[in-house]
Amino acid sequence: MFNDDKVKNARHCFMLASEDFGFEFVSPFTLTDGIETFGYIPNYGSKNGVVICLTTPPDYFIDNRVVDWCKEADCFYSFLNIESFAGEYKRAYFREMLRDWGKY
């Protein structure tokens, strides 16, 4: 399970990025079958947005239920290392990530 402080910090970083780059961020985000994910950004990654999950080293667990749901919903998904959000907001990290995901 995730450390609550790390999740709060990651959420805070995403909220700052959403203000900085002008995108909507919903967190937490629950899939239609009740699976809770870290967040969701409409209009990025695909026409149906991107579902965001957090993962941690060393195993970098990926929840295949999320992958299956996203494939069925034609939605992009991303599993991000929670350690990437340690410390202060990193604007360059978000700029690069959003550029990689791209607008649909």
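1. The largest nonpolar core holds 20 residues, and Phe14, Ile41, Ile52 and Trp101 have the most contacts inside it. A nonpolar core here is a set of buried Ala, Val, Leu, Ile, Met, Phe, Trp, Tyr and Cys residues joined through side-chain atoms within 4.5 Å. Buried stands for under 20% relative accessible area, exposed for over 50%, and partly exposed for what lies in between (1.4 Å probe, protein chains only). Helix H1 (4–21), strand E4 (50–55) and helix H3 (91–101) each supply at least two residues of this core, and H1 gives the most, with 5 residues. Helices (H or I, at least four residues) and strands (E, at least two) are DSSP runs, numbered from the N terminus.

2. A word on what we are looking at. This is a predicted model, in which local features need pLDDT of at least 70 and side-chain atom pairs count only at pLDDT 80 or more, while totals for chains, interfaces and linings use all residues. Residues are numbered from 1 along each chain as its sequence is written, and side-chain values use heavy atoms, with hydrogens and water left out.

3. Phenylalanine 14 deserves a look on your screen. Leaving aside residues up to four places away in sequence, Phe14 touches Phe23, Phe25, Phe38, Ile41, Ile52, Leu80, Phe85, Phe94 and Met97; contact means heavy atoms within 4.5 Å. There is also a second, separate core of 12 residues, which includes Phe29, Tyr40, Val67 and Cys70.

4. Now the sheet. Its 3 strands are ordered E3-E4-E5 in an open arrangement with mixed pairing. Strand E3 (39–41) and strand E5 (76–81) are the edges, each pairing on one side only; two strands pair if DSSP finds at least two bridges between them. From one strand to the next, the twist averages 30 degrees. E4 and E5 run parallel and are joined by 6 bridges, and threonine 55 stands opposite asparagine 81 in E5.

5. Helix H3 packs on this sheet, where it touches E3, E4 and E5, and its direction makes about 150 degrees with that of E5. Axes are lines fitted to C-alpha atoms, for helices over the stretch in contact, and angles run from 0 to 180 degrees between N-to-C directions.

6. Phe94, Met97, Leu98 and Trp101 are buried. Seen down the axis of H3, these buried residues fall within an arc of 95 degrees, so they line one face of the helix; the arc is that of the directions from the helix axis to the C-beta atoms. They pack against H1, E3, E4 and E5. Arg99 and Asp100, on the other side of H3, are exposed. After H3 comes glycine 102, whose phi is positive, near 65 degrees.

7. On the cysteines, the count is 0 disulfides, a disulfide being a pair of cysteine sulfur atoms within 2.5 Å. Cysteine 70 is in none, and the nearest cysteine sulfur, that of cysteine 75, is 4.6 Å away, which is too far for a bond. Both residues are buried: cysteine 70 has a relative accessible area of 0%, and cysteine 75 one of 8%.

8. Finally, a loop residue. Aspartate 59 lies between E4 and helix H2 (64–73) and, at 56% relative accessibility, counts as exposed. Aspartate 59 and glutamate 88 are 29 residues apart in sequence and 25 Å apart in space, C-alpha to C-alpha.
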